[in-house]
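Subject: Model handover

Hello,

Here is the model for your files. Please look it over before you read my notes below.

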Amino acid sequence: MIGYQTEILAFAVKWAPYAGGDEQVLPTFGLSVEEYYRRLLQLLDSPAARSVDSSTITRIRHQCMQRLATTPERAPQGR
C-alpha cells in the first residue's frame, strides 16, 4: 500500500503545475478521477506526504477541492 500511495503522490506532484493530468488517472491507477482525488486528498494529510513541500501540497489540495466540487453527485443506487 505504501508504494501505491507514493505513486499517487508522485503523480500528483508531477502534474501539479499543469493542474491535473486527469486523462492519465484511469490508465495509470485504474481509478475514476473522482476516486483519485478523494484518495489523494486523504494522502495529503498522511505521513507519506511529508516529503512534499508545503506550497505544492497547498496547490494539490486546492486542485482536489476544485475537482471534487465540480463532480456531479451520484444518484443513490438500488432504486
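**Core**

The largest nonpolar core of this predicted model has 19 residues. Y36, L40, L44, I60 and C64 have the most contacts inside this core. By nonpolar core I mean a set of buried Ala, Val, Leu, Ile, Met, Phe, Trp, Tyr and Cys residues joined through side-chain atoms within 4.5 Å. Buried means under 20% relative accessible area, exposed means over 50%, and partly exposed is in between (1.4 Å probe, protein chains only). Helix 3 supplies the largest share, 5 residues. Nonpolar side chains tend to be buried together in soluble globular proteins.

**Conventions**

Residues are numbered from 1 along each chain as its sequence is written, and side-chain values use heavy atoms, with hydrogens and water left out. As the model is predicted, local features need pLDDT of at least 70 and side-chain atom pairs count only at pLDDT 80 or more, while totals for chains, interfaces and linings use all residues.

**Overall layout**

The protein chain has 4 helices and 0 strands. Its pattern along the sequence is α-α-α-α. Helices (H or I, at least four residues) and strands (E, at least two) are DSSP runs, numbered from the N terminus. The protein chain has 79 residues, and 33% of them count as buried. Take the contacts in the protein chain with a separation of 6 or more: residues 24 or more positions apart account for 57% of them. Contact means heavy atoms within 4.5 Å.

Start with Y36. Residues up to four places away in sequence are not counted here. Y36 touches I8, F11, A12, V25, F29 and L31.

F11 is next. F11 is found in helix 1. F11 is buried, at 9% relative accessible area. Leaving aside neighbours within four places in sequence, F11 is in contact with G20, G21, Q24, V25, T28, F29 and Y36. F11 and T28 are 17 residues apart along the chain, and their C-alpha atoms are separated by 9.2 Å.

**Helix packing**

Axes are lines fitted to C-alpha atoms, for helices over the stretch in contact; angles run from 0 to 180 degrees between N-to-C directions. Angles under 35 degrees count as roughly parallel, over 145 as roughly antiparallel, 65 to 115 as roughly perpendicular and the rest as oblique.

Helix 2 and helix 3 cross at roughly 85°, and their axes come within 9 Å. These two helices are therefore roughly perpendicular to each other. D22, V25 and F29 of helix 2 make the contact with V33, Y36 and Y37 of helix 3.

Helix 3 and helix 4 pack at an angle of about 140°, their axes 9 Å apart. That makes helix 3 oblique to helix 4. The crossing of helix 3 and helix 4 is left-handed. A crossing is left-handed if the near helix is turned anticlockwise from the far one by less than a right angle, and right-handed if clockwise.

**Salt bridges**

How many salt bridges does the structure hold? There are 4. A salt bridge is a side-chain nitrogen of Lys or Arg within 4 Å of a carboxyl oxygen of Asp or Glu. Side chains of opposite charge can pair when their charged atoms come close.

- D22 and R67: their side chains meet in a salt bridge (3.0 Å, N to O). D22 lies in helix 2 and R67 in helix 4, so the pair ties together parts that are 45 residues apart in sequence. D22 is partly exposed at 23% relative accessible area, whereas R67 counts as buried at 18%.
- R39 and E35: the closest N and O atoms of this salt bridge are 2.9 Å apart. Both residues lie in helix 3, 4 residues apart, about one turn of the helix. R39 is partly exposed at 32% relative accessible area. E35 is partly exposed at 29%.
- R61 and D45: the closest N and O atoms of this salt bridge are 3.2 Å apart. The pair links distant parts of the chain, with R61 in helix 4 and D45 in the loop between helix 3 and helix 4, 16 residues apart. R61 counts as partly exposed at 26% relative accessibility, and D45 as exposed at 60%.

Best wishes
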